[in-house]
Amino acid sequence: MLSRRNSAAVAWHTKNFTYRCPSCGEVFEVSTLENFLNPNGVNKKYLKCPNCGKRNWAEILRIKKEIILRE
């Protein structure tokens, strides 16, 4: 069973990070469920790109710009 601490960490990560597809370069976000269910590597996550449809180890990017550049 997923603890509250783990679920809070997954939710925070989902809200704050984006991913880059190594095949087409598309930068995209994922849902909390997809973030939880897909395996992680070191700075990578195995995901399906919404642009090209390929499954690959997408690069985890830094915190989303809108969080850094709060206006």
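**Before starting**

This is a predicted model, in which local features need pLDDT of at least 70 and side-chain atom pairs count only at pLDDT 80 or more, while totals for chains, interfaces and linings use all residues. Residues are numbered from 1 along each chain as its sequence is written, and side-chain values use heavy atoms, with hydrogens and water left out.

**The whole chain**

Colour the chain by secondary structure. Three helices and five strands make up the protein chain, where helices (H or I, at least four residues) and strands (E, at least two) are DSSP runs numbered from the N terminus. Their order from the N terminus is α-β-β-α-β-β-β-α. Of the 71 residues, 24% count as buried; buried means under 20% relative accessible area, exposed over 50%, and partly exposed in between, with a 1.4 Å probe and protein chains only. Among contacts (heavy atoms within 4.5 Å) with a separation of 6 or more, 44% are between residues 24 or more positions apart.

**The sheet**

Select the five strands together. They form an open sheet in the order E2-E1-E5-E4-E3, with antiparallel pairing. At its edges are E2 (27–28) and E3, each of which pairs on one side only. Two strands count as paired if DSSP finds at least two bridges between them.

Begin with E1 (residues 17–20), which is joined to E2 by two bridges in the antiparallel sense. Arg 20 has Val 27 of E2 as its bridge partner. The E1–E2 hairpin leaves six residues between its strands, and Gly 25 in the turn has a positive phi of about 85 degrees. E1 also pairs with E5, antiparallel and over three bridges; here Tyr 19 stands opposite Ile 60.

Lys 48 faces Arg 55 of E5 as its opposite residue. Six residues separate the strands of this hairpin, and among them Gly 53 takes a positive phi near 80 degrees.

Finish at E3 (residues 40–41), which runs antiparallel to E4 and is joined to E4 by two bridges. Asn 40 has Lys 45 of E4 as its bridge partner. The E3–E4 hairpin has two residues between its strands; Asn 43 in the turn has a positive phi of about 60 degrees.

**The two faces of E4**

Show the side chains of residues 44–48. In a regular strand the side chains alternate between the two faces of the sheet. Lys 45 and Leu 47 lie on the covered face of E4, and Lys 44, Tyr 46 and Lys 48 on the uncovered one.

**The helix across the sheet**

Select H1, residues 4–16. Val 10, Thr 14 and Asn 16 of H1 are buried.

**The nonpolar core**

Select Tyr 19, Cys 21, Phe 28, Val 30, Leu 47, Cys 49 and Ala 58: these seven residues are the largest nonpolar core. Such a core is a set of buried Ala, Val, Leu, Ile, Met, Phe, Trp, Tyr and Cys residues joined through side-chain atoms within 4.5 Å. Beyond its neighbours within four places in sequence, Phe 28 is in contact with residues including Thr 18, Arg 20, Lys 48 and Pro 50.

**Two aromatic pairs**

How many aromatic pairs does the structure hold? There are two. Rings of Phe, Tyr and Trp (its six-membered ring) pair if their centres lie within 6.5 Å; planes under 30 degrees apart count as stacked, over 60 as edge-to-face and the rest as tilted.

Tyr 19 and Phe 28 form a tilted pair, 6.2 Å centre to centre with 35 degrees between the planes. Tyr 19 is buried at a relative accessible area of 1%, and Phe 28 is buried at 6%.

Then select Tyr 46 and Trp 57, whose ring centres are 5.3 Å apart and whose planes are at 55 degrees, so this pair is tilted. The pair links distant parts of the chain, with Tyr 46 in E4 and Trp 57 in E5, eleven residues apart. Tyr 46 is partly exposed, with a relative accessible area of 28%, and Trp 57 is partly exposed at 36%.
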